[in-house]
Amino acid sequence: MSDDEGFNERIEERRRNFKKGLDFADAKRRRENHHEELRKKGRNDDIMKRRSLKLLCEGNMQAQDNLVSEWEKKKFGLADLHTLIMKINSNDDMELLLGTIGFRKLLSIAGNPPIQQVIDANVVPKLIEFLTRFDNPKLQYEASWALTNIASGTQSQTMVIIEKGAISLFVKLLSSNHYVVQEQAMWALGNIAGDAEECRDLVLDANALEPLCEILMQTQNINLVKNGAWTLSNLCRGKPAPLFSKVKKAIPCLAHIIKTSTDEEILIDACWALSYISDGSEVRINAVVKSGLTPRLVELLSNQLIAIQIPCLRTLGNIVTGSEEQTQLVINNGALAPLLELLHSPKRPMRRETCWTISNIAAGTPTQIQSLIDTNIMSKVIEMLGKDRLDVQKEAVWVLSNAASGGNLASIDTLVEIGALDPLLGLLEEQDPRVLVVSLEAIEMVLKAGKLTFRVKWERIENMRQVIKYTFSVFFFFFLS
């Protein structure tokens with residue numbers, strides 16, 4: 001067998017392994033845990049749970065009675081607890097409403113609302129009972145709001161309302177004829193789902209997704225869509241991820257929202273929900289691709305808000321971990337130009353995430369690798385490999401390694417000509433064994449190609465062999481120590 005045939009056979013063997021996507025030596029890679037910081041940073045206090053500080057569309061639900069109007073103006077504290085308990089245990093509907101409004105306002109105090117004190121006073125069973133009053137939507141609404149704020153507390157506080165049967169009742173309220181009741185039920189379910197994966201699964205098991213999506217597919221009310229998209233995001237997120245069978249019905253709804261909405265808050269939450277769903281098996285990726293969202297996701301890569309760009313990039317990055325056909329779909333929809341722009345982002349996490357996505361494109365066919373060269377993406381990645389921060393370099397080196405492993409001799413020749421070797425050699429001084437291994441694999445493939453096509457540069461290649469021999473010694477010493 002000739003050297004050329006052996007080289008091509010080895011490349012083909014590596015390409016057959018690219019689609020596994022699980023072992024770190026494989027080219028198609030799932031995202032590492034540190035990327036989760038992109039979603040959480042700056043919003044940890046409120047992304048999972050939200051407390052309402054003002055009454056949305058209050059005029060639609062507010063009783064016209066002067067007593068209620070005056071009651072709404074009052075400020076409530078713990079000193080009023082006994083009075084409010086008396087009211088919610090009354091037989092008079094007006095007293096029930098006033099007491100529930102009082103608890104809603106008490107639990108809406110900014111900073112440190114007395115959630116535990118209200119729980120200890122055994123108020124929760126009464127508030128949950130009021131959710132069943134379909135003859136009194138005002139009471140349902142106020143009780144839902146108060147319980148939503150309890151669900152914004154600790155996990156143990158959220159579990160109190162779960163154990164009293166609140167989830168199934170909130171799901172029923174999604175079918176209310178009053179949109180503000182529907183909205184508050186969405187909010188409550190979002191707070192519960194956002195508490196923990198266990199709580200999220202309880203909401204999904206209560207079949208909340210279907211009526212939620214039905215509302216979002218039909219409504220034109222922006223407040224409903226905002227709360228619904230946020231709740232969908234909480235239902236789809238988390239580790240371990242929810243079973244695909246439980247969230248796949250959300251995909252057509254998310255596709256509708258992302259295609260039709262221009263509201264920034266809605267797009268952020270809907271795109272994050274889609275990124276969570278698409279992260280995993282090829283079954284998940286296929287379902288997202290079939291939704292027809294790829295062109296819209298590529299379009300949103302050029303949005304001015306990084307909060308929109310990142311989840312779209314995540315989803316497209318998940319798609320290109322799939323088959324060569326799915327990767328080509330992303331390329332055909334014009335993703336390479338915005339990806340090149342994102343490599344110039346001043347935000348380091350964005351550059352890192354973009355390199356991760358590109359590394360999976362570079363694990364594709366020789367034609368796909370060539371497209372990265374032709375659009376100057378590889379030139380920019382090589383530049384970043386030489387001077388960017390280490391966490392970005394760790395992703396950029398995968399781009400070169402995959403391109404060198406899967407490319408043909410012509411593309412490898414081009415990579416060398418545009419300066420790929422020097423930054424790869426520079427990374428051999430790093431003590432991270434994973435960076436060393438990936439760098440060495442890239443250099444190995446370039447050396448193999450060099451033996452065949454770069455004989456005029458043999459002196460430099462022989463010097464590189466000495467560097468590699470030395471680096472292997474250092475690496476094994478470091479690894480075994």
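What share of the 481 residues of the protein counts as buried? In this predicted model, the share is 55%. The secondary structure consists of 31 helices and 0 strands. Contacts between residues at least 6 apart in sequence were examined for their span along the chain. Of these, 73% join residues at least 24 apart. The accessible surface comes to about 20900 Å². Carbon and sulfur atoms account for 51% of that surface.

Helix α21 covers residues 306-319. It has 14 residues. From first C-alpha to last, α21 reaches 20 Å, close to the 20 Å expected at 1.5 Å a residue. The helix is mostly covered, with 12 of its 14 residues buried. The buried set runs from Ile 308 to Ile 319 and includes Pro 311, Gly 317 and Leu 313. Also among the buried residues of α21 are Arg 314, Gln 309 and Asn 318. Cys 312 and Thr 315 belong to the buried set as well.

The structure holds 3 aromatic pairs. One of them joins Tyr 141 and Trp 145, with ring centres 6.0 Å apart. Their planes meet at 55°, so the pair is tilted. A stacked pair would need planes under 30 degrees apart, and an edge-to-face pair over 60. Both residues lie in helix α9 (residues 137-150). They are 4 residues apart, and therefore separated by about one helical turn. Residues three or four places apart in an α-helix point the same way, because there are 3.6 residues a turn. Tyr 141 and Trp 145 are both buried.

Trp 272 and Tyr 276 form another aromatic pair. This pair is stacked, at 5.8 Å centre to centre and 25° between the planes. Helix α18 (residues 264-278) carries both residues. They sit 4 residues apart, about one turn of the helix. Trp 272 has 3% relative accessibility and so counts as buried. Tyr 276, at 11% relative accessibility, counts as buried too. The cut-off for buried is under 20%.

Ala 193 is placed in helix α12 (residues 179-193). Its relative accessibility is 3%, so Ala 193 counts as buried. Residues up to four places away in sequence are left aside in listing its contacts. Thr 158 is 35 residues from Ala 193 along the chain. The C-alpha atoms of Ala 193 and Thr 158 are separated by 9.8 Å.

Technical notes. Residues are numbered from 1 along each chain as its sequence is written. This is a predicted model: local features need pLDDT of at least 70, side-chain atom pairs count only at pLDDT 80 or more; totals for chains, interfaces and linings use all residues. Side-chain values use heavy atoms; hydrogens and water are left out. Helices (H or I, at least four residues) and strands (E, at least two) are DSSP runs, numbered from the N terminus. Buried means under 20% relative accessible area, exposed over 50%, partly exposed in between (1.4 Å probe, protein chains only). Contact means heavy atoms within 4.5 Å. Accessible areas come from the Shrake-Rupley method with a 1.4 Å probe; for residues, only the protein chains shown count as cover. The expected span of a helix is 1.5 Å times one less than its number of residues. Rings of Phe, Tyr and Trp (its six-membered ring) pair if their centres lie within 6.5 Å; planes under 30 degrees apart count as stacked, over 60 as edge-to-face and the rest as tilted.
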